Amino acid sequence: TARDSVYRSSIAGEFTPARGFDIVKTRRSSLNISFYGLFRYMNQTPGDQTFTDHLGRERTVKARNDLNWHRTFVWLTGFFWDPKFRYNISLWSLPTTQQTLLFGNMQYRFSPAFTLGVGIAPNLTARSVQGSWPFWGSSDRQMSEDFFRGGFSSGVFATGQVLPRVNYTLSINTNISQLGTTAANDTRDFAYSASLVWRPTTGEFGPRGGLGDFEHHTSLATQFGVSAGTSREGRYADETAPPNATQIKLSDGVNPFDENALAEGVTVEKLDYDEVAVDAGLKLRGFSFQSEYYWRRLSNFQTLGGPVPMTSIFDHGFQVQAMHMVVPRRLGLYATYGKLIDDFDRKPYEISGGTSFYPTGTRSWRLNL
């Protein structure tokens, strides 16, 4: 039958580039294993640097010069009993910071318009947290998107196609980033987020919607989207300990939950995080362009030790990225620019560029400079 032809057993070790190894496929279950590894050399110069924060205090820059096996990801994915019931078990390790996590999610696809899932899921605050990794220009996010975005946390989410070529995702998470936060020090507040994406011309935007037209679209592929998130965030730590919350930063890089971050002798215990982003992109004949604009407000500060001198902090900014496959399926060049327009009038910006070489002619192996 058609069902048998789709879910029949396969030879162990079958490999599809960038999709892992199919170990088992039967009518009632499947198992695929895939993995990602990143080794990198980073040198930030000069090694002896300082910066002045928004309160005029001089701080030391911890400039790095290191060799690191930086990141490992292993995914076990498939379905059980019913092809509509999918699972994903993930092993994530960041040896650079000595962090290792084992997590996952489960989803049931009721219809093309509605899939319900539980588990670790993104706060839908920026396009880069919604599946495009690791198909980026560099190996990590640009400055602007990393500043504004939320992180990943346990939650329940729904996704589907509401109209032809229009997809939505809704998510309720325990907070905007579960990294470093245990259930014992979490609060009773939740994070809420939503995203809408429209691909009007071709109905797709390449694998995972990532940067780069590696696949060489002969027809113009376009993508437009909007994302938003809100959360009541806390330090997730006792007042005598450093904060476990590290996702939110001020425009000078200071953690708002650090002691003295917004005023001397004052510690922010809770704040409201509200963020909106709009994005757009196109791909054609080896050329790709993607951009996103962000707005973020931090407000309703609950403090210990006294008040802070502001009722809210409003920042907005953008990033643009362009890439061209100068040698199809082998060599790509990219450039990026990002800027923050911030309440502290520091206006930090980033200009970057690089090249990616694909030795095998697939996305599965990349050398990046």
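Predicted model: local features only at pLDDT ≥ 70, side-chain atom pairs only at ≥ 80, totals over all residues.

Before the first stop, a word on terms: on a 1 Å grid over the protein atoms alone, a cavity is a set of points where a 1.4 Å probe fits but cannot get out, and its lining residues have an atom within 4 Å of a point. Grid points are joined across faces, edges and corners, and a volume is the space filled by probe spheres set on the points.

Residues are numbered from 1 along each chain as its sequence is written, and side-chain values use heavy atoms, with hydrogens and water left out.

**The whole chain**

Start zoomed out, in cartoon view. The protein chain has two helices and 19 strands (DSSP runs numbered from the N terminus, helices being H or I with at least four residues and strands E with at least two). Its C-alpha atoms fill a box of roughly 70 × 45 × 40 Å along the principal axes. Of the 369 residues, 41% are buried, meaning under 20% relative accessible area with a 1.4 Å probe, protein chains only.

**The largest cavity**

Now select Arg 127, Glu 145, Gln 290, Gln 319 and Gln 321: of the 18 residues lining the largest cavity, these lie nearest its centre. The space there comes to about 190 Å³. What is the lining made of: how many nonpolar, polar and charged residues? There are four nonpolar, 10 polar and four charged, where Ala, Val, Leu, Ile, Met, Phe, Trp, Tyr, Cys and Pro count as nonpolar, Asp, Glu, Lys and Arg as charged, and the others, Gly among them, as polar.

Stay on Arg 127, in the loop between strand E9 (114-122) and helix H2 (143-148). Arg 127 is buried, with a relative accessible area of 12%. Show its side chain and look for Ser 195, whose side chain makes a polar contact with that of Arg 127 at 3.2 Å. (A polar contact is a pair of N or O atoms within 3.5 Å; within protein, one must be able to donate a hydrogen and the other to accept it, and residues adjacent in sequence count only if both atoms are side-chain atoms.)

**The second largest cavity**

Next, select Ile 176, Glu 233, Tyr 236 and Phe 257, which are among the residues lining the second largest cavity. This one holds about 50 Å³ of space, and its lining divides into six nonpolar, three polar and one charged.

Jump to Phe 157, in strand E10 (residues 152-163). Its C-alpha atom is separated from that of Arg 127 by 16 Å. Phe 157 counts as buried, at 10% relative accessibility. Beyond residues up to four places away in sequence, Phe 157 touches several others, including Leu 116, Val 118 and Leu 170; contact here means heavy atoms within 4.5 Å.

Finish at Ser 90 in strand E7 (residues 82-94). Is Ser 90 buried or exposed? At 2% relative accessibility, Ser 90 counts as buried. Its side chain joins that of Asn 88 through a polar contact of 3.1 Å. Leaving aside neighbours within four places in sequence, the contacts of Ser 90 include Phe 73, Trp 75 and Phe 103.

Notes
Buried < 20%, exposed > 50% of the residue type's maximum accessible area, 1.4 Å probe, protein only. 1 Å grid on protein atoms, 1.4 Å probe; cavity = no way out; pocket = protein on both sides within 12 Å on 5 of 7 lines; lining within 4 Å.
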